[in-house]
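Dear colleague,

I am passing on a structure that you have not worked with before, and below it you will find my notes on what turned up in it. Please read them with the structure open beside you.

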Amino acid sequence: MFDDDRLTRRDVAKGAATLGVVGLAGCADDDEPADDTDADDADDGDEEVTITIGGTSTGSSTQQAGQALARAAQQHSDTVTISVQETDGWTANLYEYDDGQIPAMGVDNNSLAKALDQEGPFADDPVDILPHQGFLFTSLQIHWVGLEGSGLESTEDLREGGYTIYPIQPGFGTRLLTEEIIQEADMWDQNDILNVDTGDIPGAVEEDRVDALCLYGSNGVDLAGWCQEVDVRSGGRLNLLEVDDDFRQTIQDHPGAIYEELEPYGYEQEVDAFTDEKVCWSLAGQWAFSPDIPAHATREVCRLAMEHEDTLREADPTTLEYSPEVMTSTVIPELEVHGGVADFFDDEGVWDDDWIRGDA
């Protein structure tokens, strides 16, 4: 898979950009990147570290979860400060990281696996370096809704074609997985694909410029912020689409998707005209970190998530119910776990010796 002059998988996993947005209080000027010596000194002395997280777009589940984590750090930590930067999505975050633009991020396991194996969008445009893994922070439950007046009742209708569909914003990890599933279900080419940002799709719904959408909620609690806006501006005209057996099988066969059947949640309207079952292709998201970030800092981030869930939930009602076992559920064995996260897992008795401990 790799040419002789390219990095091996293990080298890719170990590589790290020089990322100037990791700040060590008292160790580096604001305009200067922290070097390896600063990181080592911070790890020894537990100096305060500022971590900038690539949090995807405004109104996204990742942005909301990141802001909640920042609030917990502000209220309950003397060693870590967290800021959240807007980016173009989970898949896009891997390119941002590769370009040295962000030192930490929300990212989904499907995008990580594709980048590791140079598949999907990374086949023609691979990344040279990957972050070290952190821990699960959300599960996004993606599903179909149709707009009243479109004539759509089921995914079988979409297979016949001729509709305008919104498979989420390009660059999102949810878009990558959704696009793969729709293509594998043979429903892509015969329909028109609407490629707009999540901030623009509520207006498109209001103006009847789309027939079917893929929306998602978080952890069985509530819809993502932009999906809530779609719900509000749809004028009560959304309904879940009935999902046929072939589409269900496509979800179940996809290695990057989790198949779930749920009751509808998060909508301000009744969405059960055609079915009261929400069939989801769910996607796990984790925080991931540069090895340039000191181990004590990511260990502290783990502690904040585990010990201050109530604070997180005040800012993000969809916050995951954390436990050490749940936090490890996104670990990809072929990719390093950040050293501080590994220390936390070890302390909690959930570290697996088959995993790779990264150097931080």
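The structure holds 17 salt bridges. Please keep in mind that this is a predicted model.

One of these salt bridges joins the side chains of Arg233 and Glu206, with 2.8 Å from N to O. This pair links distant parts of the chain, since Arg233 belongs to helix H10 and Glu206 to helix H9, 27 residues apart. Arg233 is partly exposed, at a relative accessible area of 28%, and Glu206 is likewise partly exposed, at 43%.

Another salt bridge brings together the side chains of Glu261 and Arg248, at 3.2 Å from N to O. Glu261 lies in strand E11 and Arg248 in helix H11, so the pair ties together parts that are 13 residues apart in sequence. Glu261 is partly exposed, with 44% relative accessibility, whereas Arg248 is buried, with a relative accessible area of 13%.

Within helix H13, Glu309 and Arg313 are four residues apart, which means about one helical turn separates them, and they form a salt bridge whose closest N and O atoms are 3.0 Å apart. Glu309 is buried, at 16%, while Arg313 is partly exposed, at 26%. Salt bridges with shared partners also join Glu242, Arg248, Glu261 and Glu277 into one network.

Helix H5, residues 109-117, is mostly covered, with eight of its nine residues buried, among them Leu112 and Leu116. At its start, a side-chain oxygen of Asp108 comes to within 3.1 Å of the backbone nitrogen of Asn110, and just after the helix Gln118 takes a positive phi of about 55°.

With best wishes

Methods
Residues numbered from 1 in each chain as written. Predicted model: local features only at pLDDT ≥ 70, side-chain atom pairs only at ≥ 80, totals over all residues. Heavy atoms only, no water. Buried < 20%, exposed > 50% of the residue type's maximum accessible area, 1.4 Å probe, protein only. Helix = DSSP H or I, 4+ residues; strand = E, 2+ residues; numbered from the N terminus. Polar contact = N/O pair within 3.5 Å; in protein donor to acceptor, adjacent residues only side chain to side chain. Salt bridge = Lys/Arg side-chain N within 4 Å of Asp/Glu carboxyl O.
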